[in-house]
Amino acid sequence: MSAGWIAIAVIGVATMLIKATGPVILGGRELPPRVLDVVTLLAPALLAALVATQVFGFGRSLVLDERVLGLSVALVALALRAPVLVVVVVAAAATATFRLIA
C-alpha cells in the first residue's frame with residue numbers, strides 16, 4: 001500500500017472519530033442554548049470565509065479579478081430573489097464573459 005492510500009485511510013478514520021465524538025459525549029442530551037447559537041452560526045461563517053478566500057485570494061496575495069465581478073453579479077441576483085440555479089449560472093456567465101474580454 002502506498003503512502004498516499006495510508007494517508008487517506010488515516011484521515012478517513014480520524015474524520016469518523018471526530019464526527020462520532022459529539023454524539024458520544026452528549027449522549028442524547030440537548031446542547032445549552034448559548035452553545036447551540038454558536039453552532040448555528042458556524043456553517044454560514046465557514047462558507048463565507050471559504051468564498052472570500054477563493055474569490056479574493058491567490059496564493060498569499062490579495063487579488064481583484066473577474067471572480068469579484070462574478071461574486072458581485074451573484075449578490076445582485078440574490079438581492080433580486082433569483083433562484084439559486086439562476087444565480088450560479090448568471091455569476092458563472094459574467095465571470096466567463098469578463099475572462100473572455102480581458
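This is a predicted model: local features need pLDDT of at least 70, side-chain atom pairs count only at pLDDT 80 or more; totals for chains, interfaces and linings use all residues.
Helix α3 covers residues 66-79 and helix α4 covers residues 84-101. Their axes come within 8 Å and cross at roughly 150°. Angles over 145 degrees count as roughly antiparallel, and therefore α3 and α4 are described as roughly antiparallel to each other.

The residues that form this contact can be found on both helices. On the side of α3 they are Glu-66, Arg-67, Leu-69, Gly-70, Val-73, Ala-74, Ala-77 and Leu-78. On the side of α4 they are Val-87, Val-90, Ala-91, Ala-94, Thr-95, Phe-98 and Arg-99. Sorted by class, the contact of α3 with α4 comprises 10 nonpolar, two polar and three charged residues.

Thr-95 belongs to helix α4. Its relative accessibility is 14%, and because buried means under 20%, Thr-95 counts as buried. Leaving aside residues up to four places away in sequence, Thr-95 touches Glu-66, Arg-67 and Gly-70.

Side chains of opposite charge can pair when their charged atoms come close. How many salt bridges does the structure hold? There are two. In one of them, the side chain of Arg-99 meets that of Glu-66, with an N to O distance of 2.8 Å. This pair links distant parts of the chain, since Arg-99 is in helix α4 and Glu-66 is in helix α3, 33 residues apart. Are the two partners buried or exposed? Arg-99, at 47% relative accessibility, counts as partly exposed, whereas Glu-66, at 16%, counts as buried. The other salt bridge joins the side chains of Arg-67 and Asp-65, at 3.2 Å from N to O. Asp-65 has a relative accessibility of 25% and so counts as partly exposed.

Helix α3 also packs against helix α2, which covers residues 33-56. Here the angle is about 140° and the axes are 8 Å apart. An angle of this size makes α2 oblique to α3. From α2, the contact is made by Val-51, Gln-54, Val-55 and Phe-56; from α3, it is made by Arg-67, Val-68 and Leu-71. These residues divide into five nonpolar, one polar and one charged.

Another residue of α2 is Ala-49. At 39% relative accessibility, Ala-49 counts as partly exposed. Ala-49 and Ala-91 are 42 residues apart in sequence, and their C-alpha atoms are 19 Å apart in space.

Most residues other than glycine have a negative phi. Arg-81 has a relative accessibility of 75%, and because values over 50% count as exposed, Arg-81 is classed as exposed.

Technical notes: Residues are numbered from 1 along each chain as its sequence is written. Side-chain values use heavy atoms; hydrogens and water are left out. Axes are lines fitted to C-alpha atoms, for helices over the stretch in contact, and angles run from 0 to 180 degrees between N-to-C directions. Helices (H or I, at least four residues) and strands (E, at least two) are DSSP runs, numbered from the N terminus. Angles under 35 degrees count as roughly parallel, over 145 as roughly antiparallel, 65 to 115 as roughly perpendicular and the rest as oblique. Contact means heavy atoms within 4.5 Å. Ala, Val, Leu, Ile, Met, Phe, Trp, Tyr, Cys and Pro count as nonpolar, Asp, Glu, Lys and Arg as charged, and the others, Gly among them, as polar. Buried means under 20% relative accessible area, exposed over 50%, partly exposed in between (1.4 Å probe, protein chains only). A salt bridge is a side-chain nitrogen of Lys or Arg within 4 Å of a carboxyl oxygen of Asp or Glu.
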